[in-house]
Amino acid sequence: MKKVDSSVIRQVMEYIRPYKAKLWLSLFFAFASVAFTIIFPLLTGKAIDAIVSGDAKIFAAMVLAMALSALLTALMQYLMNRVNNSMAYGISCDIRKEAFSHLQRLPLSYIDSHPHGDIVSRIITDADQVSDGLLMGFTQLFTGVITIIGTLISMFLVNWIVALVVLIVTPVSLFTASFIARRTFSLFYKQSEARGVQTSFIDEMITGSSVVSAYGREKANQEEFDRINERWAKFSLLATFYSSLTNPVTRFVNSLVYTGVALSGGLSALFGMMSIGGLTSILSYASQYTKPFNEISGVVTELQNALASASRIFDFLSEPEESTDEDSPELSVTQGSVGISHLRFSYTPEREFIRDFSLSVEPGMRIAIVGPTGSGKTTLINLLMRFYDPQSGSISIDGQNIATVKRESLRKSFGMVLQDTWLKNGTIRENIALGRPDATDDEIAEAARLSHIDTFISSLPNGYDEIVSDDSDGISAGQKQLISISRIMLSEPEMLILDEATSSIDTRTELMIQEAFMRLMKGRTSFIVAHRLSTIRTADLILVIKDGDVIESGNHRSLMEKGGFYASMYRSQFSS
């Protein structure tokens, strides 16, 4: 059974540390609030004694003091809540900010191997759970603990015998709450895990909704979601059930406390050991004393949930980031020569994917990479961009080992168009200028013209200021790809990577794009991954990859004359 890890509490405390001043201020307001609350029963008892003795002057003074005490209590609680809200949501904001920053520095291998919905759930939902738990902790735990201590001291001052009865019964309540709370953490952790799986599944189904409909998978997916949902409901119900036991059990023990106070206090008053007003005060203190135990039981439940969520966030934050390269030099591309020497790479230790791969690329060459699906084409591109690092071997650009330079400078030196397009939520102008935010409107328009997307943009109601996103229905996959290509046209990088860049474009548009690419590739070292072999016939060198190995290389003519794997692939595409 998973228990609360003390390291999780220590990590939460690290996030609280910057708010130390506010924490002390909150404690001051909590102390002041409780102090005025504790004074109230004492003033009530004196007012009752004044009524019994017929002292109207003292009674009037006590009523005025009671009114002032109630007013100051309300003011202190208001100020405390303001400070607590600022702390709780500030800490949640800090955690979410660090989690998102960490996400930016994680290697692509982590993103590829973990459900995206679960990552989103950790950064958003779990961070919310932490803030809710901390808010209850700051608001009710402080005041609850101070109230228990303050009322107990006050009861000893009024009548030590009654206070001793309370003190003897109290450990039963504490033991019960602690016993139940220890068993709820693991259930709340499993609830958070199930919620992450649920979020991931929903995200997956929304993303692939058209495929789901096309294959009639709605019923099967509903059944799968029901299983996930039932698992979440099971752990939620168990966690809520066990945590809910705390309150009624605590209330029962508190009732015993109140009964003990009433009996012992009544007997003390009967034998003249305290006045009627004193009995009234100590009964009020008994109510004040037991109330925080009920509140704290709810706080403990919420804190258990918050710590379970915090544990998931900290697990995410503990994932190793890409190695730092702050002290590494910038990549300086002057010619664009690329050297790959004895490269070895595997996604999993038990299966080597690329074995002893070497390649020498002269400046300005156009290198086409072809092969069947899963042969390693995109893997080579990922290694070239340092999205992944090889197990051994090296890649150099103009004699500079890319493993020793800043990743940002490496990636900026390449213009990259992928098969899977991505548009950020913003205007078309912002999407085209993504790689060069300082570009002028004329330069953006020229890039769109070279990509043959300018006519479409002009037809939109807001032109270049039209708001688009990756999920926009009014833009086809081909048009999204053309906008992505416009980014490259605008940024004019030193080198190019085109990974199935025209896969979503019709044949007529593809011919125009190829013409634009030919102009763009002139004098630039370019790597072209293609399934349509007609698009790479003019490449200087064609690498044919199968199962991570280069099985053929040469230009289009030499490979066709050889009559090998490439020739077979090419003829199969044009057999008609």
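A salt bridge is a side-chain nitrogen of Lys or Arg within 4 Å of a carboxyl oxygen of Asp or Glu. Side chains of opposite charge can pair when their charged atoms come close. In this predicted model, the count comes to 20 salt bridges.

| Salt bridge | Closest N and O atoms |
|---|---|
| Arg195 and Asp126 | 3.5 Å |
| Asp465 and Arg429 | 3.1 Å |

Arg195 and Asp126 form a salt bridge with their closest N and O atoms 3.5 Å apart. This pair links distant parts of the chain: Arg195 belongs to helix α7 (residues 185-207) and Asp126 to helix α5 (residues 116-158), 69 residues apart. Both residues are buried. Arg195 and Asp126 also belong to a network of salt bridges that includes Asp118, Arg122 and Arg312.

Exposed means over 50% relative accessible area. Glu408, at 53% relative accessibility, therefore counts as exposed, and Lys412 counts as exposed at 61%.

Asp465 pairs with Arg429 in a salt bridge, at 3.1 Å between the closest N and O atoms. Here too, distant parts of the chain are linked: Asp465 is in the loop between α15 (454-459) and β8 (467-468), and Arg429 is in helix α13 (residues 428-432), 36 residues apart. Asp465 is partly exposed, with a relative accessible area of 42%. Arg429 is partly exposed as well, with a relative accessible area of 22%.

Key
Residues are numbered from 1 along each chain as its sequence is written. This is a predicted model: local features need pLDDT of at least 70, side-chain atom pairs count only at pLDDT 80 or more; totals for chains, interfaces and linings use all residues. Side-chain values use heavy atoms; hydrogens and water are left out. Helices (H or I, at least four residues) and strands (E, at least two) are DSSP runs, numbered from the N terminus. Buried means under 20% relative accessible area, exposed over 50%, partly exposed in between (1.4 Å probe, protein chains only).
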